[in-house]
Amino acid sequence: MLALCLAGVVILAAGAASLTLWLSLEALGRGSSEAWVNSLRIFASQLGITFLLTGPAALVLLRFPGWFQFERKGGSDAETGKEIGGWLIFLALSLVALPLVAVAVTSPLVSLWREPLRVMDTLGVWKELKKALGDQFGGLLLGPLLAFVLPALLELAPLFSFLASSAALLVLFSLRTRKFPSAFLACVLVQLASVLGSFYTVDLVGRFTPALLNELRGIEGQEATAFAAWIRRHDEIVEPTAIRCAWLFLGYLVWAPALLVSQRAKRTFTVEATAGSRSVAGPSLESIHARLAETPLFQTAAPVAPAWVERPQPETSTSDAAQLADGLQYSTYLVRPILSLKSFFANREHKISAPPYDPGEKVVFCCRATLGVFNLGFPLRVVTAAGDRELLLITKRRISLTSLAYQVLDPSTQETLGVFVRTDFGGALWLLLGGHGRQIGWVARVALRPDFQRYQAHIDEAPVCDFVWREKLLAAGDQVEIAFAQENDRTLDKRLGLAFGVLLERHVWSRHTY
């Protein structure tokens, strides 16, 4: 999903750049009678309008997959296993076959564009260009280089879009995720933009070809003759290739209406179960416990306490006690992401405020991520609002392909307060283990809508805490509300509740974004 989102952003940016170029040429065109200005102006306007329409539409479809309400309305697990079939098999086969046909169709054009690149490499153009770019006015060379590279990229854009779309859609198809229909329509829009962009480029190059060939006739030399021959071959290949790519695009487009109206598709591409039971897709609880027993992380020799015993709240030194006591005195909290470019990609950071929706609401804690690309921000550190004291340290370890374990530690003593184990990829059920490595409760998803999810924590079969995720804005506007409850002297350690609120926001955000 991230690759599709990036494709939508690139199309949107290219559309904005094309529209800016068009407006600039409009001003220039009033005082110029040159034919090339008018041709370039038409090309920029066509490309800009097309990209500005398809790019945002694709991003909206990817951001709000629940608009189509592809949710299962009951049925047994046995029935669910039989739902992949019928025309969906042909859809999967077409997703495999169409990109292979696209590679074969565009191979002459790919070979044609390799020739000038090979000649430039032989003549040492790339080395000279690298040296020139280091000079004071070397950036001026980027204009001619872009004019050479841009037609190749736009002519080959349908091939790239077919390959990327099929790869992403096959992954989503195999997962039977509810995002598949909206992702399919977003891919169709991306492909439409690339196919139309290739036709616009063919038209633009066709307008410049006669004048360029006339100029080359007046130049003597083997290089000019070879270049003229290459232009003629390009003119013979590029238009038929663009037409064949348009026919391949129809091979994707024909499936879109079926996805929207087919009952089989609505039964197949479903959300995860929303009931609060432990019957979820993924590893069984027995296999989870078996894997945990083999993991050194949980082989601690602490005494086993009854499952219902409340863990004590943190004891701190006198200088820090006021900060932590003030932050942990509330029964409700609100976890919001800190909006930044770093948070959008991976290293997401949060602010925790209390009491929510109150005139006296204030930030009591902050969650800081570790800088890095591959660690996705872990370990996480929950600190006081002033940043003077660490409250929690959250680390991550993978147990299986779909299961992750998040260990919550007290930084001052390195004591394990608890471990949250995500048992499946969708996050419908999380096990809660104490510091001794034994299960003391669980957190289950009990309600699910496109912009709303509710989780409930249980200890000894009694609900002790509610977590409600809501989406408020398009970009990183989600939040998690935490409400602690007390049932027969059984409650959840507030430190564990705050840690899970942060983990839940990161999990739901990543599922919506990637």
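Is the crossing of α7 and α8 left-handed or right-handed? The crossing of α7 and α8 is left-handed (a crossing is left-handed if the near helix is turned anticlockwise from the far one by less than a right angle, and right-handed if clockwise).

1. **What we are looking at.** This is a predicted model, in which local features need pLDDT of at least 70, side-chain atom pairs count only at pLDDT 80 or more, and totals for chains, interfaces and linings use all residues. Residues are numbered from 1 along each chain as its sequence is written, and side-chain values use heavy atoms, with hydrogens and water left out.

2. **The chain overall.** The chain has 14 helices and 12 strands (DSSP runs numbered from the N terminus, with H or I over at least four residues for helices and E over at least two for strands). Of its 514 residues, 46% are buried (buried means under 20% relative accessible area, exposed over 50%, partly exposed in between, with a 1.4 Å probe and protein chains only). Among contacts between residues at least 6 apart in sequence, 60% join residues at least 24 apart (contact means heavy atoms within 4.5 Å).

3. **α7 against α8.** Two packed helices are described by the angle between their axes and the distance between the axes. For helix α7 (residues 180-217) and helix α8 (residues 222-253), the axes come within 10 Å and cross at roughly 160° (axes are lines fitted to C-alpha atoms, for helices over the stretch in contact, and angles run from 0 to 180 degrees between N-to-C directions).

4. **α7 against α2.** Helix α7 also pairs with helix α2 (residues 35-63): their axes come within 8 Å and cross at roughly 175°. α2 and α7 are therefore roughly antiparallel as well. In the contact of α2 with α7, the residues divide into 21 nonpolar, 7 polar and 1 charged.

5. **Serine 194.** This residue sits in helix α7 and counts as buried because its relative accessibility is 9%. What does its side chain reach? The side chains of serine 194 and serine 161 are joined by a polar contact of 3.0 Å (a pair of N or O atoms within 3.5 Å; within protein, one must be able to donate a hydrogen and the other to accept it, and residues adjacent in sequence count only if both atoms are side-chain atoms). A polar atom of the serine 194 side chain also lies 2.7 Å from the backbone oxygen of glutamine 191. Leaving aside neighbours within four places in sequence, serine 194 is in contact with Leu154, Ala157, Pro158 and Ser161.

6. **Glutamine 191.** Glutamine 191 is in helix α7 too, and at 0% relative accessibility it counts as buried. A polar contact of 3.4 Å links its side chain to that of serine 165. Beyond four places in sequence, glutamine 191 is in contact with Ser161, Phe162, Ser165, Phe249 and Tyr252. Its C-alpha lies 8.4 Å from that of alanine 157, a residue 34 positions apart in sequence.

7. **Threonine 201.** Still in helix α7, threonine 201 is buried because its relative accessible area is 2%.

8. **Leucine 109.** In helix α4 (residues 87-122) we find leucine 109, buried with a relative accessible area of 1%. Not counting residues up to four places away in sequence, leucine 109 touches Glu155, Leu156, His234, Ile237, Val238 and Thr241. Leucine 109 and leucine 156 are 47 residues apart in sequence, with their C-alpha atoms 8.0 Å apart in space.

9. **Backbone details to check in the loops.** Alanine 354 and proline 355 are joined by a cis peptide bond, with omega about -15°; proline 355 lies in the loop between β2 (350-354) and β3 (362-368). Tyrosine 357 is in the loop between β2 and β3, has a positive phi near 55°, and is exposed at 52% relative accessible area. Glutamine 414, in the loop between β6 (404-410) and β7 (415-422), has a positive phi near 60° and is partly exposed at 47%.

Definitions and conventions:
Angles under 35 degrees count as roughly parallel, over 145 as roughly antiparallel, 65 to 115 as roughly perpendicular and the rest as oblique. Ala, Val, Leu, Ile, Met, Phe, Trp, Tyr, Cys and Pro count as nonpolar, Asp, Glu, Lys and Arg as charged, and the others, Gly among them, as polar.
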